[in-house]
Structures are given as structure tokens and as C-alpha cells.
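User: I would like to go through this structure term by term. For each label, give me the value, the cut-off and the conclusion.

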Amino acid sequence: MKLKKVLALSLAAVMAFSVVGCGGGNADTTTPGTTETTETTETTETTETTDNSAGAADTDPAESAPAENTASAGELNYTSIVLGESYTDITTSIKWLSHRTDLIESGAIANYIAAFNEMYPNITVEVEGITNYADDALLRLSAGDWGDIMMIPSVDKNLLSEYFVPYGSLSDMDKVVRFANNWMYNDIVYGVASTGNAQGIVYNKAVFEAAGVTSIPKTPDEFIAALQAIKDNTDAIPLYTNYAAGWTMGAWDAYIGGSATGSAKFMNQELLHSKDPFKDYGDGTHAYAVYKILYDAVANGLTEDDYMTTDWEGCKGQINNGQIGCMVLGSWAFSQMVEAGDHGDDIGYMSFPITVGGKQYASAGPDYNYGINVNASDDNKAAAMVFVKWMTEKSGFSFNEGGVPIDVNGEYPELYSAFEGIDFVADEPALAGEEDFLNELNAESEININAGGDSKIQQIVEHASNGDMTFDEIMADWNERWSDAQEVIGVEVNQ
């Protein structure tokens, strides 16, 4: 059902709508469940596209007719596909490499494919699930052994055209899908998100109530106090780290942008040029405040007794039945926790406990994106793009997963009603000429923000538990590594 309450969704230039105000009350807002109608902003001139990606991007959907049923790589364009009319004569089999092993095992993916085949009975979709997706998918990508559709792993954006089919230009794509700039290079879009995530905390409402926590924490101090109340008044683990899974810890990086600063420019523009971005800003904001919550929770005994024994699959049932108070995970996790037991009504989703200038914000961004193999046959490319568009517009996948809808006309799940009055902030893209800076800084510093940087988050848990390194010492080390990387790469630093 569509929400009746207004949530402010500041999607900024990521969808080429009006630019978001960074932290003030002037941000353009959008009501979930409706289509953005603000005019596009004027953009600066971009560099030319590479030869192997320009063809499809030049197609103007306003001038072109629906795609014929004969696949042609030159004509293939996401916005020109009309589901149920385009490419209906194709008979082929495509393979999809997916990270959603849980949905494969439950049969949910098979149900989606069966529904797709009601519209396209001659396109067979085979799916392969990978548990350690972030690492194994990169190996499969480099080897070329992955099929026709994959969820794009962490690759350098300047290599996108070597691996993936372009869906179209950013100016076309951001009219029909959210987060179109996520896997975009030189204004060409190579990925369509499977669903969108708001960044917050999944929690057990009954546990918080039993602990005497009557209001959602809005600052780091309030959140740590709530965890302490859970420890003092219940038998539940206040905060479950999910240390052993590894990849789950990388979720903490997702909060240092919009959630911690209120700025849509921070992640891809301001961070690159910041001097000592991990310093203490003194007001409970920015990256320092985000990571310190984890350090303090572990140091104060507000997490599981042995972080080495955490169990990702097991934690779902534990939070459902009240053995865990909360976990720091994107909104994608909400539906999994609801469905993990008989107490789904106890599961809630709250904003991350940081307040910027008296207001709260929530980072919003895409989950894994569908990428289509540039080396597939023309028929398979077309079939794959039809399937991606069907999953985006017709399947209900994003809604069912509790996600921010990718189709701009999609509906928001009810869980977002808890975010009333909170602005969702989507990261603006890097400035022209700086598209590779974050990748280069990550690689040089080995901090790897939003790029498989779970090991550094695990180290926070380790140092906090062992007491062998203070939090300020950890942040000082990160600042030094970041500054050194800026110098090596030649990034201008704003003092």
C-alpha cells in the first residue's frame, strides 16, 4: 500500500531532478509512492563516451518506436522496451548470477521467473546463487564465466564498458529508474538497481519496550544509553555485530554520508577533498560519530559475548524472537527478519542515531545492480534487458523486499512510515574529471569505503574488545592513510 504520510526523499542530481539542499530546510522533497516531477537541472558538459558504449546511449526514446522483435545490439535501449510487446519472438536461455541465495533456496526467485514466463514464455532464466558474492563474483567476472546477467560487484567504473551492456544515457535512465548514476560512467548507465535501501537500524520493538526505551534514539549518546538499558533490563543481546560474516560489517560505511552529514555531496565530492575526514567534529556527526558507536558498544559490553561466533543466518531468528535488540543493516534486511519466525510484528526499522543541526537524515541508495554481459549474443542481451525491466517494473521485488522502489512510479513499503520527517539523501555523482578519485583513494589508503571495507570495521570490533587501541588512535591512523593517499594521487585538499 502507498504511504499516506509524507516522507522527504531528497534524491538530488542522482535522478537529475532539482539539486538537494545540503543539510538545510531547502531540500526538494518527494512523497514516497509518487513520481518526481521537478524539472531537471542544467548539467555541465561531460567527456566523450568510449567507442564500445556510445551506440545504445544515443537513442532518443521519445523519437524511437518500440523495439522490434529481432534483437540488435545497436538498437537495444532500456527506455524503448515495452514489456509484453518488445522482443516477444525471442527464444533463448539466459543465466543470472545472483547474491540472493536465500531467495533461491526459498523458491521465491523461481516464483518470480515463473511469473515472468507468463509474459515471455520463450525466455528461459537459469539462476545461480553465490554465498560469498562480493569476492567470488569478481573472480567470475574476470574469468568471463558468469552468464548473461550478474549483480555488478565492486569494479572500477572506467572498466564498466568492457564488461557490461549500456542501458542508455543518464538523462534518459534517471527519468524511469532511481539511482541511475550508481553504475554510470561518462553519462552512460551500465547498471539498474534490484532494489533501494534506506540506511537505518533493524530492531525488536518488544525488546526496546521491555528495556524501558520509549522513544527512538536520535543521537549516539541516546543510542548507547538504549543499548545499556537493554543489557540492564532484558536478557537480549543489545547490539549484534555480525562480525563473523564479514560482509555485514561493511554496512557501517553506508552511514557516513547522508545519515551523518545531511549532505548529498559528501560521499563522492566532499570526502575526496576533506582534510582528516575521520576527525571528531565535536557535534556527534560525520564518520567519527558513526564508527564510534560500534567501538563504544563493544568496549562497554553491549554486543555479543564472543564476536567470533556470530551467525548471520541464525541472527534472523534470534532478533525475531527477542534474543537480539538490534542490528545495523540496510532496510533490505527488514523483510528477512520479519519472516524469520513467529514474531514478525515485533520487528521495526529506525533511523540511524545521528542528528545534524537539529534534523535527522537517512542515506538512501541502491542494492546490487543488474549488469548485462557485453559479450553475450544479441538475443541474450535483449532477453536479459527485458528480464531486468520486468523485475524492475512488474515483479514487485523491491516492494516485497522492503526496499525503496527502483521504478520511479513504484510503491513504498509500510516500514518507511517510521521515517516520517526524515529526509532520505542519495549521493550525488562525482564531479567531471573526478569519477575515479574515490576508487584510487580507497586503493591507495586501503580503507575501502563502500568497497568491501569490512575488514577495517572488524578491526574496530577487535581493538574495542581487546582494549589495545583507542578509538581516537584508530581514527588518527585512518586520517594519516587518507592524507597520504591524497598526496600520492594529487587530490586537492580543502583545509
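Analyst: Start with a crossing: α10 passes α16 in a left-handed crossing. Left-handed means that the near helix is turned anticlockwise from the far one by less than a right angle, and right-handed that it is turned clockwise. This is a predicted model, where local features need pLDDT of at least 70 and side-chain atom pairs count only at pLDDT 80 or more, while totals for chains, interfaces and linings use all residues. Residues are numbered from 1 along each chain as its sequence is written, and side-chain values use heavy atoms, with hydrogens and water left out.

User: Which residues make the contact of α10 with α16?

Analyst: On α10 they are Met267, Asn268, Leu271, Leu272 and His273; on α16 they are Phe437, Leu438 and Leu441. Contact means heavy atoms within 4.5 Å. By class, six are nonpolar, two polar and none charged. Here Ala, Val, Leu, Ile, Met, Phe, Trp, Tyr, Cys and Pro count as nonpolar, Asp, Glu, Lys and Arg as charged, and the others, Gly among them, as polar.

User: What makes α10 oblique to α16?

Analyst: Helix α10 (residues 266-273) and helix α16 (residues 437-445) pack at an angle of about 55°, with axes 10 Å apart. Angles under 35 degrees count as roughly parallel, over 145 as roughly antiparallel, 65 to 115 as roughly perpendicular and the rest as oblique. The angle therefore makes α10 oblique to α16. Axes are lines fitted to C-alpha atoms, for helices over the stretch in contact, and angles run from 0 to 180 degrees between N-to-C directions.

User: Why are α8 and α11 called roughly parallel?

Analyst: Helix α8 (residues 220-233) and helix α11 (residues 286-299) pack at about 20°, with their axes 10 Å apart. That angle is why the two are roughly parallel to each other. Their crossing is right-handed. Pro220, Phe223, Ile224 and Leu227 of α8 meet Ala289, Ile293, Asp296 and Ala297 of α11. These residues divide into seven nonpolar, no polar and one charged.

User: How do you know that β11 is largely enclosed by the rest of the structure?

Analyst: Seven of the seven residues of strand β11 (residues 324-330) are buried, so the strand is largely enclosed. Buried means under 20% relative accessible area, exposed over 50%, and partly exposed in between (1.4 Å probe, protein chains only).

User: Which strands pair with β11, parallel or antiparallel?

Analyst: Strand β9 (residues 196-204) runs antiparallel to β11, joined by five bridges. Strand β10 (residues 237-239) pairs with β11 in the parallel sense over two bridges. Two strands pair if DSSP finds at least two bridges between them. Glutamine 199 stands opposite glycine 330, and isoleucine 237 opposite isoleucine 324.

User: Why do β5 and β6 stand at the edges?

Analyst: The open sheet has three strands in the order β5-β7-β6, with antiparallel pairing. β5 (168-169) and β6 (184-185) each have a single partner strand, so one side of each is left without a neighbour in the sheet. Strand β7 (residues 188-189) pairs with β6 over two bridges. There, methionine 184 has valine 189 as its bridge partner.

User: What makes histidine 99 buried or exposed?

Analyst: Its relative accessible area is 19%, so histidine 99 is buried. Histidine 99 sits in the loop between β2 (92-98) and α2 (101-106). Leaving aside neighbours within four places in sequence, its contacts are Ile130, Tyr133, Met151, Asp367 and Tyr368.

User: How many helices and strands are there in the protein chain?

Analyst: The chain has 18 helices and 15 strands. Helices (H or I, at least four residues) and strands (E, at least two) are DSSP runs, numbered from the N terminus.
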